[in-house]
Amino acid sequence: MTLAATNEDKRLENSNKDDEKQPAKIVEKDKLAVMVIHNKHYCTDLFFLGKPLEYVAEEMAIHIEFMIKFKQEFDWSYTKIWQQLILKLQGKYVKELIPKDFNFYKDKSVLYFTVYLANSIWFYFKRDYQQAFVNIQLAEKYAEGSWENRCFFQYNFYYSLILAALNPRSKDREKQVNRLIKNQEQMKKWTDYAPKNYLHKYELIEAEKARILGKNALAANYYDRAIEDAKKTGYIHEEALANELAGEFYLACNKAKLARSYFNTAYNNYLCWQAEVKVKYLESRYPQLIKITDKKTIELKYLELSSVIKASRAISSETILEKLLRRLLKIVMENAGAQKSFLFLDRDRSLVLVAAGVAEEEIKISFPQQKIENYPDLPISIINDVYRTKEILVIDRVNTEKLFASDPYIASNQPKSILGLPIMYSGKIKGILYLENCSVELTLSQERLEILKMLTSQLSISIENNNLYRTISYRNFHDVITNLPNRQLFERELSLAIANAKKNKTALAVLFIDLDRFKKINDNLTHKIGDILLQNFAERLTNCLADINMAARWGGDEFTILMDKINSKEDPIILAEKIIHCLKQPFKLGNMEIRVSISIGISIYPQDGKNPEILLSNADAALSVAKKKGGGTYHFYNSKINDRTSSILKLESYLYGALDRQEFLLYYQPQINIKTGAIYGVETLIRWQNPQLGFVSPHRFIPIAEETGLIAAIGEWVLKKACIQSKIWQNAGLPPVKISVNLSPRQLQEKNLLEKIEEILRVTEMPPDLLELEVTENAAIQNPKLASKILSKIAKMGINIAMDDFGVGYSSLGYLKQFPFHSLKVDRLLIKDLPDKPEDIAIIAAAIAIGKGFNLRVVVEGVETVEQLNLLYGLECECIQGYIFSKPLDAESLTQLLVASDRDGASCLIPRQNRT
């Protein structure tokens with residue numbers, strides 16, 4: 001722990017050098033924070049884990065010194081309480097901290113709780129149960145206010161032990177048994193959460209509970225289970241306690257021989273724990289039952305515990321294999337008294353040399369690892385023997401072993417003694433540890449060999465854990481589908497690249513890539529095909545890059561590229577064009593050929609941003625522009641993009657709540673039968689009037705509403721409002737007029753769309769045949785099966801359905817056949833240049849003919865001139881909609897128009913040139 005604290009000091013010193021401008025007070029505060037991390041919790045945990053008391057006391061002394069140095073009075077008092085308990089258990093006199101010493105703290109509850117808990121543990125180990133009970137009750141007063149949650153379980157545990165010890169003589173037997181049961185319920189939650197830490201404690205209380213309830217068979221079973229589980233998890237002090245309590249139980253049952261076994265195990269465990277008070281207690285209380293153990297054996301056991309502690313630290317604190325091997329190999333050499341070591345690991349059934357060590361020198365790591373055949377100066381014969389037999393090989397006098405005398409390494413180096421240890425994991429050999437001493441015999445006892453076997457077992461586990469860590473680390477930073485680096489790794493590498501670019505005053509570029517129309521491939525050809533396409537695209541993308549460039553999958557169908565050290569703007573242009581060109585060849589996926597294009601947004605450091613977030617955000621903004629160009633191209637970021645983005649964000653913020661503020665209005669544009677001149681229907685159009693923004697065009701806010709999901713609520717409001725207006729016209733006695741309402745793509749995907757439409761028709765008493773719902777082709781083909789199912793059900797309600805914007809999408813005849821359309825609305829773009837372009841005349845004539853061929857009412861939108869009207873009349877178009885007759889009108893103005901039409905006759909609406 002001293003070394004850990006020293007390393008923290010060095011780290012702080014280095015951080016100070018890196019940032020000399022950091023205020024001294026802040027640096028000192030950070031330093032104190034680091035000390036706090038290593039203070040009381042670490043020391044307390046060592047005690048509760050059952051580490052040797054001498055070792056824990058030394059660690060506490062080190063930390064208390066730091067606390068005093070940095071004036072951490074509260075933490076000093078807290079740690080001092082536990083230090084006093086440890087010194088008491090070791091049989092050393094100490095001056096106690098008492099509650100009056102805590103008066104200068106604002107919040108004293110934690111310290112009161114701690115001192116009374118520590119006292120209750122001390123009196124329990126002394127077997128002064130009355131004093132233990134008094135102190136645990138005092139601790140209970142402060143348990144609620146204490147934030148030392150890690151002590152709560154110990155509090156419950158010792159509370160239960162004290163109650164169980166008092167119970168046979170207690171007047172409040174029933175009350176205390178109930179409290180014990182309540183404690184167990186709380187302990188059970190902890191046990192289920194972390195059985196390795198708490199199961200044996202829970203079992204020990206169950207044994208004590210069964211004992212006081214007279215269930216001897218159950219008690220005996222729980223004692224043994226507690227002992228076994230404590231032993232497995234290395235809680236030697238609680239293994240000792242469980243053995244002691246079991247011994248007392250069997251002694252009370254007149255089974256002295258059986259009790260002796262438990263008492264002696266408890267005695268030896270207390271010796272290993274170095275609890276001198278408990279050792280003397282057992283010696284004096286049961287002199288006829290306790291067998292005094294040789295101190296050398298205890299020292300060996302302590303050495304074993306110390307080695308395991310060091311090895312466990314190395315395993316838990318190192319994720320870098322090189323450092324882990326160095327630390328563990330050093331520990332093993334210390335315990336074996338070896339001067340030289342080699343570590344070999346199995347790689348595809350071949351041994352490779354990974355580390356080599358010489359006493360008093362730094363351990364050398366061999367990377368890349370080479371097979372042992374490539375090293376001429378290795379004890380090949382000994383290594384092969386251990387690898388083959390999977391058994392420990394100990395040679396105390398190498399010169400007498402004829403079997404290995406011919407080995408060139410042995411003959412050349414003439415080691416005095418050798419140890420070969422197989423590293424086993426799950427019954428398989430994972431490697432070999434070779435140790436030697438050139439001057440003396442190793443003279444390893446069986447106990448020392450057991451320690452080394454334990455350490456090699458720790459080594460095998462740590463190596464497997466490290467392999468697992470590397471696998472998990474790779475998965476954490478790489479995309480599962482494409483195996484490219486993921487978003488987290490890209491951001492990390494971009495941060496490093498920016499730091500280098502800043503230092504070297506160079507430029508770099510970030511490319512944001514998106515596959516055009518990838519969603520349609522996913523929806524129509526299944527996600528499996530989409531994933532295969534992503535894999536193939538990632539492979540082509542990687543082949544386009546130089547070694548210094550990095551590609552990553554950002555998410556979905558988005559990818560990013562980091563171009564480090566570019567010389568000019570031409571470098572990302574060359575790469576972008578190269579990537580776009582490589583996609584001209586189709587992807588062959590089974591029996592299909594799929595062609596894709598991409599859009600690319602580019603930002604450059606430092607002109608477009610000086611940190612990863614801004615560079616990526618600006619590249620993404622440039623990507624949006626590239627996509628709006630139609631895809632298959634690239635676009636560089638510029639400041640005007642941000643201005644537009646800010647405008648969109650502002651618009652979006654005002655859009656939220658616009659419905660509640662009643663800022664939307666409905667307008668209606670007449671649809672005219674040019675044969676009769678009658679108004680047969682109106683299209684409902686939404687308008688937004690905001691107090692701050694003024695009038696906002698639907699072309700600006702509808703896409704935002706669609707993207708944010710607000711369109712669902714807005715669309716429902718439009719439908720309901722339109723149906724109410726239609727009912728007003730009907731109640732006014734006006735001729736029936738069909739009212740059309742647009743259905744957005746997101747609305748079409750809603751699960752409860754049909755229920756909403758039925759409810760609106762019911763509430764407004766709207767006749768279904770006077771309602772028409774308009775659906776764009778693009779909206780319908782996002783999920784053709786679902787759209788066909790929904791639209792068919794809508795048609796069965798008696799509602800008319802129109803295909804809107806025909807001629808600007810796929811214009812697929814298959815969709816006209818698949819969906820239950822009643823009307824076909826030809827988009828205004830097809831007649832915009834009429835009658836000047838003959839080819840447009842042919843297109844509009846074909847569209848009208850298609851509609852009639854499917855027995856659909858054809859409505860041409862956007863008619864503005866008399867020439868266009870005459871042309872459509874000649875093509876036998878039935879219905880039109882446009883400015884030539886009327887702009888969209890509010891409800892009042894359209895009502896007046898409907899009244900006039902009904903009063904004066906339809907012919908007044910026909911332009912003079914077309915009257916017949």
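**Close-up 1. Helix α22 lies across β7, β9, β12 and β13.** Helix α22 covers residues 570-582 and runs at about 145° to β9 (558-566), with β7 spanning 507-515. Angles here go from 0 to 180 degrees between N-to-C directions, using axes fitted to C-alpha atoms (for helices, over the stretch in contact). Helix α23 (residues 612-628) also packs on the sheet: it touches β7, β8, β9, β12 and β13, and its direction makes about 145° with that of β12. Contact means heavy atoms within 4.5 Å. Helices (H or I, at least four residues) and strands (E, at least two) are DSSP runs, numbered from the N terminus.

A quick note on the model: it is predicted, so local features need pLDDT of at least 70 and side-chain atom pairs count only at pLDDT 80 or more, while totals for chains, interfaces and linings use all residues. Residues are numbered from 1 along each chain as its sequence is written, and side-chain values use heavy atoms, with hydrogens and water left out.

**Close-up 2. Five strands make an open sheet with mixed pairing.** Reading across, the order is β8-β9-β7-β12-β13. Strands β8 (550-555) and β13 (634-636) are the edges, each pairing on one side only; pairing takes at least two DSSP bridges between two strands. On average, neighbouring strands of this sheet are turned by 20° against each other, direction ignored. Strand β12 (residues 598-605) and β13 run parallel, joined by three bridges. Look for Gly601, which stands opposite His635 in β13.

**Close-up 3. Strand β6 pairs with β1 and with β5.** Eight of the 10 residues of β6 (residues 428-437) are buried, so this strand is largely enclosed by the rest of the structure. Buried means under 20% relative accessible area (1.4 Å probe, protein chains only). Strand β1 (residues 340-347) pairs with β6 in the antiparallel sense over six bridges, and Leu343 sits opposite Leu433 in β6. Strand β5 (residues 417-425) is also antiparallel to β6, over nine bridges, with Gly420 opposite Tyr434. β5 and β6 form a hairpin with two residues between them, and Ser426 in the turn has a positive phi of about 55°.

**Close-up 4. Helices α12 and α13 cross at roughly 155°.** The axes of α12 (residues 236-252) and α13 (residues 256-273) come within 8 Å. The two helices are therefore roughly antiparallel to each other, a label for angles over 145 degrees. Residues making the contact include Leu241 and Tyr250 of α12, plus Phe263 and Trp273 of α13.

How values were computed: Angles under 35 degrees count as roughly parallel, over 145 as roughly antiparallel, 65 to 115 as roughly perpendicular and the rest as oblique. Buried means under 20% relative accessible area, exposed over 50%, partly exposed in between (1.4 Å probe, protein chains only).
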